[in-house]
Each structure stands twice: as C-alpha cells, then as structure tokens.
Amino acid sequence: MASDTSKRSSYFLISPMALIFAVFLVIPLLTIVVVSFWDYDEYRILPDFILENYKYLLGSSVTWSIYLNTLKYAVLTWVFTLLIGFTVAYFLAFHVRSLTWQIVLFMLCTIPFWTSNIIRMISWIPFLGRNGLLNSALINLGIVDQPLEFLLFSDFAVVLADVHLYTLFMVVPIFNSMMRIDRSLIEAARDAGASGFETLKSVIVPLSKPGIAIGSIFVITVVMGDFITVRLMSGGQSASVGLQISNEIGLLQYPAAAASAVVLLITVLLIVTALLRLVDIRKEL
Amino acid sequence: MTIEKKISKKTIETETGVSRRGFVKGAAVVTGAAIGSGAITGFPTIWAQNIKDVTLRQFGTGVSNINAVADKVKEDLGFTLQMTALDSDAVAQRAVTQPNSFDIADIEYWICKKVFPAGTMQPMDTTKLKNYQYISKLFIDGKLTPDSEIAQGTAPHTVGFVEGADSVEFASAPTQWMTLIPTIYNADTLGIRPDLIDREITSWADLLDPAFKGKASILNIPSIGIMDAAMVCEAMGEVTYGDKGNMTQEEIDKTIAVMIDAKKAGQFRAFWKSFDESVNLMASGEVVIQSMWSPAVAAVRSKGIACKYQPLKEGYRAWGGGIGLAKHLSGLELEAAYEYIDWYLSGWVGAYLNRQGYYSAAPETAKKFMSEDEWGFWMEGKAAEGDILSPDGKVMEKAGAVRDGGSYEERMGSVACWNSVMDENKHMVRKWNEFIAA
C-alpha cells in the first residue's frame, strides 16, 4: 500500500514538468513533423500526406552544399572556440590563484554578453569593411597597399563572428570541470616526474572532458541552427541550413521549412549522440 | 506648412461635400433632425458624429503605411485609420486566409493578381469616386501617353478591373469596377556611386561588368531579384525572354546560370534584403553599383555621399500598389472606406508621396498641394530653384539639383517590366536559392 501511495505521489510530482515538456516541446515538435508532410501553394498550406518536400530536400544538390557549408562553419567554430575556451579556462583555473581574481576575471569574460549578440555581430562590419578601421590602419601603417577584401562578407567573417559570440559557451563548462579537478592529482603527477605538457595531456584534459563535451554541444548546436550571423557576416552570399529554413518561412513555404527543420534536428541529434558516446556526461557530473 | 494645411482642408471640404451629402441621406434615417446644424463647418454634424466611431483597419507593406496619413485622415475625415505594416508575403497570405482581419488592403498589383481571385475582396464602384477621373492613364489602359508601349510583367491595368460587382474575373478593358485604387508606384533602376565609378553607366549589363568585380550587389528578394537579373541578362544579350514577367523554366534556368557564373567569379560583394542594408552597403563604399530603391538613394545622399539613381537605356523595372476593400465591408464602414479612398486621391497624400520620390496615382490633384518648385523638381525634371525638403522638413536636395531620370513622363514612360508573380514561381524560388547557395 505504502509503495502505491509513493508511486502515485511521484507521478503527481513529475506531472508539472511532464506537462510543460508536452505542451512546449513534444506537441510543437510533432506539429512540425506532421506539417512537413503537407502540401503547399503560394499562399496556403494544404493538409495532405506527400513525400515531395523530403524528396526535393534530399535529392537537391543545393541541400548537400548547404549542409556541407553549415558543417564547415560548425567545425571551424568548434575548433577555435575549443582552443580559445580551453586556454582561457586553464588560465583561470590553474594560473589565477586567488578566488577573488578568478571571479573578477570570469566576470570580465561575461561582460560582452550583457549586450545583444546582434549588436556584437554588427559592430564587426564597420571594423572589417573595405574602408573600415582595420583596413585603414593596415594601409596607414604601410602593411598592405590594397584593402583586404576577405575580411568582410566572407567565410572568414562568419567564423570570426561565431567564435566571438560563442567562446564563452566553451569557457564556462570547461572552467567548471577544471575547478573540480583535485589539485593533489596534479601534484602527484608532478611528483611522479610528469612534465607540464604530460600533466595537461594525461590528467587535465581527460578530467575536463565533460566540460569540453558540454561546451561542444552548445557551440555545435547553436552554429548548426544559426541564420542571422551567416546572413549578416557573409553579406547574404553564403547559405546555411538555418538561413534556408528562414527563407522558406519568409516565402510561406511552411511544409518545406518543416521538412528542413526535421532533417536538421535529426542531423544535430546524431552529432550530439556521437559526442555523448565519447563522454558519459552523466557519470562525470 | 500651416498655409498648406489650411489650403488642403479647404479643398477637402469643398471637394468632398457632394458625396458626403449623398451619404447623409442614408444616415438621416437614424437621427433626421440634426442635419442642418452641421452646415456651419461644412461637415454635417450627424455624419461627423457617426463617422467618428468608425475605425478602419488597413494593412500593407511598409512603403505606404505612413503615420502622417492616418493622422491626416483623423483630422480631415474624422475617423480612425489603424495601420499594420507587414512584409509582402505576409500581406498576401493574410488577405487570403484572414479576410475578416482587415477592412482595407494595401497591396501591390502582382499580389492582387493572386489574391483577388480568392474572393476575399470587393471591387470598387468607380462612379462613387469623384476623383476617379484624375487617375493616371497608366492604371486605366496601361498607356501613360497614347503612343507609349505597354510594359511586360503584371502591368497594373491588367488586374485593375473586374467584370462586375461580384466578379473575380479580371476584365480586359476598363469597367465600372476597380480592384485596387492605385496609391503609390515608382520606377526602379540601378543605384551607383558616381564618385567611385569613372565611366558612364548606361545599361543594366553594367552590373556584371568585371570592372566592378567585388563591388556589385543585387537584392535578395527572389521575386524582385529575378527581374533585375533578367534585365541584366537581356541587356547582355545572354538570354532572350518572351515575357520577363512570366518566364519559362528554361528562361529561369538560363538567367540563374548567368548569375551563378558571375557570383563564382566574385562579382558580388554582398546581397541585400532590407532597405537599410542597401543604404549601408552604398554609403560605406563596399558596393558601387547595385539594385536600389529610390528612397534608399535619397538616404545615401542625405549623408552627404554622392549617389545616383542611374537611368538605363533598357528602361526601368516598375512596381505599384493600391488600396482595395475587404469583402465584409458594408454600411457605414463601407461609406467611410469610399470617403477615405476618394480622399486618398484628392491630393494631400499624393503630394506627400511625390515629395518622397514616389509617384501619386492622381498627379493633377497632387499638384495643388505642392509648390511650383517642388512640382518642377519632382515631376517635370527641372532644376530645383530652392532647397527641396522631404515631407518631414529635412533638406533632400540643394537648389540647382535635377532629379535622376528626369520627368514623370520620362521615367514612367520607359518602364520595361512591372513586378510580377510567375506561373513558375516555385521553380524560380528554388533556382534562386541555388544562386544564393552557390
């Protein structure tokens, strides 16, 4: 009897969460899946069951080149945010000794995030432009005699903005993991004769893995779904999956957009699953 | 400003008096006694009181959703006009799927071609519009002057009339039933930075001239971008079109192939989607030649940067919009809507639009609300004698300036193609996306 009551009460206790998930996650997701099989014309979506949306999406060379492009941005952004994020976290965790300074420097990292990320992105444009600050400076210093065109409206600009925007997502979880590392392990490594690099490789990196995995998931999912950075920084010249979805919505092609969204969701889930295979976040937390 | 206001009020009062009185007959049933008392102001009180409670909901694209117009309606006509600005795709969808969510639709003619047959709007009886006679011939039979040629694309007069009050069939000749009363239109061309280009620009083909490699831009709105692309391809002699406004799949494929080659060769610096993006690209010098809209050229110039709205020998790509009535309108609201539409044509709005660099559908009435110098500059292509001010009083052009492209007749008389929607729209959008992703 007692177990029955506790069973019931635990069902009761999880019901608010379950309800929220159902209303705000499961139902919208199912709607998207359902609509992705519908038909559409210029101004209406027509309930139906057709595979045309997926057929076109998966059969078109445009889709493949867009996915390739999006993955390129995701991988490049991931590599750079990981390198920078890890370095910053390492510095904060192991080189800054006082807790006060750790907090102060950590806050310093977050300050840029108090402004809207659109503003942070747009502010690159006058800086990198043909007649922008950087090009004027380089020309005045005599380093180049022609403005560097690749700085703006290019893949370089997109990755730069992404790295700038999302490095903090890497810093925070890695820093968190590093702070949990027992300092005596590092001392032990040193006592056993390990060099600084060996300690990093055999002790710190393995123990920071959960943080690295969480940061990677954040960065990759955000970049895979991004459309506004790609649009603004590439000057509309490059496409990403998110941008494709946004265009389709703009043209009222909701079923096509839904199909794209479902394919993107599956792709991202596969990536996340692969990451979770490498690191058991649950065990490490 | 105050003088002009006074004049406008006076004109409105005298000009619209007749039709109002006609309406009053109907309203008089409710409270007959009050009619005489309103005579002092020229506005019958009964009418003014009833009409005050009317709210008309207008929705449309940003260009003509001007708050100053709503304010002026309140002042001149007494009722409230609520405006909602949406992008053109959303406008089209809403007009079809939510017919009760609006009273007045402010849509472009190419949207009308798709929307009106859906039966959610009602045509207007032109005999109830006193200012109908002043509407430019361009919207009646497609000919600005008797010998002008009718342009390709969705020319407004082709979707301007239907056969009868309940018809959704577009009429081939003007009838008593008009789908949209034209409000705002213009002729678009390429914008250039004359200070950064050292030769004459004369053709749409110049957009893809390798001399401007990495310094050109085109707008990334598929239905409009494809037209600009077609003007370019035709001018280059790369593609010949039966009708640029309604291309075949093959014509679309060829056009996009030319554009993809140009993109791969690095011709374009960027693509723009919004008005301010086009202004920034031009003002910062990232781009020296691109598709552009007239007010964007004005915005670049107002920063003190040289920018020219270059007339080209192949002609302009034109667009136009108008206001139409929702099907559900009846009674007092319908009368108010007719009042509003007649007022729209009576000149004040026309002058306002002319001063923004657009054109009024009834130029003659707009003339009364503009100074001679303004009229000369905007409409006749004459050099400005004094500074030319925008509707909100900013200096747009200094004395001595001449409008790019010249007079109304020169500009609207050389339209090569109107914005349109193609039968192969879905195919076109897919090909356009290939171009963007290439």
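**Figure 1. Strand β14 of chain B and its partner strands in the predicted model.** B:Met121 is placed opposite B:Ala326 of β14(B). This pair belongs to the contact between strand β4 (residues 121-122) of chain B and β14(B), which are antiparallel and joined by 2 bridges. Two strands are taken to pair if DSSP finds at least two bridges between them; helices (H or I, at least four residues) and strands (E, at least two) are DSSP runs numbered from the N terminus. The structure is a predicted model, in which local features need pLDDT of at least 70 and side-chain atom pairs count only at pLDDT 80 or more, while totals for chains, interfaces and linings use all residues. Residues are numbered from 1 along each chain as its sequence is written, and chains are lettered from A and ligands numbered from 1 in the order in which they are written.

Strand β3 (residues 104-108) of chain B also pairs with β14(B), in the antiparallel sense and over 5 bridges; here B:Ile107 faces B:Gly322. Strand β9 (residues 181-192) of chain B runs antiparallel to β14(B) and is joined to it by 7 bridges, with B:Ala187 having B:Ala318 as its bridge partner. Strand β18 (residues 415-418) of chain B, by contrast, runs parallel to β14(B), with 3 bridges between them. In that pairing B:Ala318 stands opposite B:Trp418. Strand β14 (residues 316-326) of chain B is largely enclosed by the rest of the structure, because 11 of its 11 residues are buried. A residue counts as buried if 20 or more other C-beta atoms lie within 10 Å of its own, as exposed if 12 or fewer do, and as partly exposed in between, with C-beta atoms placed from the backbone.

Figure 2. B:Val115 lies in helix α5 of chain B and is buried, with 26 other C-beta atoms within 10 Å. Leaving aside residues up to four places away in sequence, B:Val115 touches B:Ala92, B:Ala95, B:Val96 and B:Ile107. Contact here requires that the C-beta atoms of two residues, placed from the backbone, lie within 7 Å. The C-alpha atoms of B:Val115 and B:Gly381 are separated by 36 Å, the two residues being 266 residues apart along the chain.

**Figure 3. The boundary between the two domains of chain B.** Chain B is divided into domain 1 (2-32 + 43-179 + 319-345) and domain 2 (187-315 + 414-437), with bounds that come from an automatic or database domain assignment. Across the boundary, 10 residues of domain 1 of chain B are in contact with 11 residues of domain 2 of chain B. On the domain 1 side, α5 (109-115) and β6 (152-153) of chain B each supply at least two residues. The largest share of that side, 3 residues, comes from α5(B). The residues of the domain 1 side comprise 4 nonpolar, 3 polar and 3 charged. Ala, Val, Leu, Ile, Met, Phe, Trp, Tyr, Cys and Pro count as nonpolar, Asp, Glu, Lys and Arg as charged, and the others, Gly among them, as polar.

**Figure 4. An open sheet of 3 strands in chain B.** The strands follow the order β5-β8-β7 (chain B), and their pairing is antiparallel. β5 (124-125) and β7 (161-162) of chain B are at the edges with a single partner strand each, so one side of each has no neighbour in the sheet. β7(B) and strand β8 (residues 177-178) of chain B run antiparallel and are joined by 2 bridges. Within β8(B), B:Met178 is the residue opposite B:Phe161.

**Figure 5. Helix α12 of chain A and the contact with chain B.** The contact takes 20 residues from chain A and 23 residues from chain B. On the chain A side, α3 (61-95) and α12 (241-250) of chain A each supply at least two residues. That side divides into 7 nonpolar, 9 polar and 4 charged residues. Helix α12(A) is largely enclosed by the rest of the structure, because 7 of its 10 residues are buried. The buried residues of α12(A) include A:Val241, A:Leu243 and A:Ile245. These buried residues pack against α3, α10 (196-225), α11 (228-233) and α13 (254-278) of chain A, together with α15 (425-437) of chain B. Just after α12(A), A:Leu252 takes a positive phi of about 65 degrees.

**Figure 6. Confidence and annotation of chain A.** The mean pLDDT of chain A is 90, and 97% of its residues reach 70 or more; pLDDT is the predictor's confidence in each residue, from 0 to 100. Within chain A, confidence is highest in α3(A), at 94, and lowest in helix α14 (residues 281-284), at a mean of 68. The unreviewed UniProt entry annotates residues 67-275 of chain A as "domain: ABC transmembrane type-1". UniProt positions are given in the numbering used here, feature names are shortened, and annotations may be inferred rather than shown by experiment. The span of residues 67-275 of chain A is 78% helix and 0% strand, and its end C-alpha atoms lie 19 Å apart.
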